[in-house]
Structures are given as C-alpha cells and as structure tokens.
Amino acid sequence: MCHQTKARLASVPDSVRIARSITTAHLEAWGATIADVAHGQVADAVLIVSELVANAVRHCTHELEVSLVCHRDRIEIAVTDDNPEPAVLKQPHPLVPGGRGLLLVDALAQQWGQQQVYGRKTVWARLSIPPGSALARNCSEPVGRSGP
Ligand SMILES: [Zn+2]
C-alpha cells in the first residue's frame with residue numbers, strides 16, 4: 001500500500017496550521033526523517049500545503065479536504081474545497097501583500113494543476129523525491145505510471 005492520508009478541515013484560518021502539522025507528522029512517520037534523502041522535501045511540502053489551504057480557506061464556505069500521498073518517486077498534495085471557481089495564478093503587485101500562494105506552489109512543485117468536479121475544486125501539486133527515500137517504501141503503483 002502506498003503511504004496516504006486524508007483530513008477534513010473546517011474552512012477557517014487555523015486549518016492552515018493543522019494542515020502543516022498533519023503534513024510534517026505523516027511525512028516523518030513515513031520515513032522522511034533527518035537521515036532520509038527526501039527530508040528536504042518535507043519543508044517544501046509544508047509550504048505547498050500551507051499555500052493551498054490558505055487559498056482554499058479564502059474561497060471555501062464549509063469544509064475542505066487535504067490529501068497527502070507518497071509514491072515511489074513523488075509526493076502528491078491535494079486540497080479540495082467547495083468552490084468550483086478555478087484558483088488563479090496571479091502576478092502580484094510588488095507593494096500589495098498576499099496573492100503569492102500559487103506562484104510559490106508553481107515555483108516549488110514539479111507540476112501542479114486543478115480540476116472541478118460536482119461543484120468542488122481540487123488543486124494538486126507534485127513534488128519529486130530522490131531515489132532511495134523511505135517515502136517510496138511499499139508503493140503499490142505499477143512502475144512507469146505517473147498520476148494523478
Ligand atoms: Zn504508490
């Protein structure tokens with residue numbers, strides 16, 4: 001079985017902090033400790049989940065869902081909210097704070113994207129992990145396939 005977890009969070013600013021701790025706790029429990037080759041990806045994953053959840057909280061009315069999955073070559077982070085409007089990659093004004101969330105995700109992730117399904121939207125991001133990481137252990141995905 002691939003390492004994976006999901007969490008449902010309220011659409012409140014405090015959910016950003018909860019999503020960060022869930023991400024750190026799971027990636028470390030799955031083996032991305034300081035001794036692991038993918039330890040550097042934990043910080044990137046935490047930054048990405050923070051931005052995706054912060055973005056979702058601004059537009060979502062009820063509940064959002066955070067999904068974290070590891071495969072043999074990558075970490076996949078996805079945040080689903082109840083607003084079908086697409087998330088927008090903005091070029092922020094240099095003097096106006098905020099609005100940089102997706103630019104940061106775009107810079108850190110190898111790939112990101114979004115999809116709308118039944119009035120909800122999922123924004124996902126993918127981070128590569130170096131070969132030999134404990135995060136890849138027990139991945140049940142066929143070799144050569146690359147989701148999502
Ligand atoms: Zn897998």
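Two strands count as paired if DSSP finds at least two bridges between them. Helices (H or I, at least four residues) and strands (E, at least two) are DSSP runs, numbered from the N terminus. What you are looking at is a predicted model, in which local features need pLDDT of at least 70, side-chain atom pairs count only at pLDDT 80 or more, and totals for chains, interfaces and linings use all residues. Residues are numbered from 1 along each chain as its sequence is written.

**Whole chain**

Start with a cartoon view of the protein chain, which has three helices and five strands. Read along the sequence, they follow the pattern β-α-α-β-β-α-β-β. Next, colour by burial: a residue is buried if 20 or more other C-beta atoms lie within 10 Å of its own, exposed if 12 or fewer, and partly exposed in between, with C-beta atoms placed from the backbone. Of the 148 residues in the protein chain, 37% are buried. Contacts are the other thing to keep in mind; two residues are in contact if their C-beta atoms, placed from the backbone, lie within 7 Å. Among contacts with a separation of 6 or more, 69% join residues 24 or more positions apart.

**The sheet**

Select the strands. In what order do the five strands form the open sheet? The order is β1-β2-β3-β5-β4, and the pairing is antiparallel. The edge strands, β1 (3–10) and β4, each pair on one side only. On average, neighbouring strands of this sheet are turned by 15 degrees against each other, direction ignored. Axes here are lines fitted to C-alpha atoms, for helices over the stretch in contact, and angles run from 0 to 180 degrees between N-to-C directions.

Now go through the pairs:

- β1 and β2 (residues 63–70): eight antiparallel bridges join these strands. Select alanine 7 and find its bridge partner in β2, valine 66.
- β3 and β5: these strands run antiparallel and are joined by eight bridges. Valine 79 has valine 123 in β5 as its bridge partner.
- β4 and β5: seven bridges join this antiparallel pair. Here tryptophan 112 stands opposite alanine 125 in β5.

**The hairpin turn**

Stay with the last pair and zoom in on the link. β4 and β5 form a hairpin with two residues between them. Tyrosine 118 is found in the loop between β4 (111–117) and β5 (120–128). Its phi is near 45 degrees, a positive value in a residue other than glycine. Tyrosine 118 is exposed, with 6 other C-beta atoms within 10 Å. β5 itself gives another picture: seven of its nine residues are buried, so this strand is largely enclosed by the rest of the structure.

**Helix α2**

Select residues 39–59. This is α2, which lies across β2, β3 (74–81) and β5, running at about 10 degrees to β3. The helix has 21 residues and reaches 32 Å from its first C-alpha to its last, close to the 30 Å expected at 1.5 Å a residue; the expected span is 1.5 Å times one less than the number of residues. Its buried residues, including Val42, Ile48, Leu52 and Val53, pack against α1, β2, β3, α3 and β5.

**The nonpolar core**

A nonpolar core is a set of buried Ala, Val, Leu, Ile, Met, Phe, Trp, Tyr and Cys residues joined through C-beta atoms within 7 Å. Which of the 37 residues in the largest nonpolar core touch the most other members? They are Leu52, Val53, Val66, Ile77, Ala125 and Leu135. Two or more residues each come from α1 (14–29), α2, β2, β3, α3 (101–108) and β5. The largest share, eight residues, comes from α2.

Centre the view on leucine 135. Leaving aside neighbours within four places in sequence, its contacts include His3, Leu27, Trp30, Cys70 and Ile75.

**After β5**

End with two residues in the segment after β5. Proline 130 lies in this segment and is partly exposed, with 14 other C-beta atoms within 10 Å. Not counting residues up to four places away in sequence, proline 130 touches Val37 and Ala38.

With 12 C-beta neighbours inside 10 Å, asparagine 138 counts as exposed.
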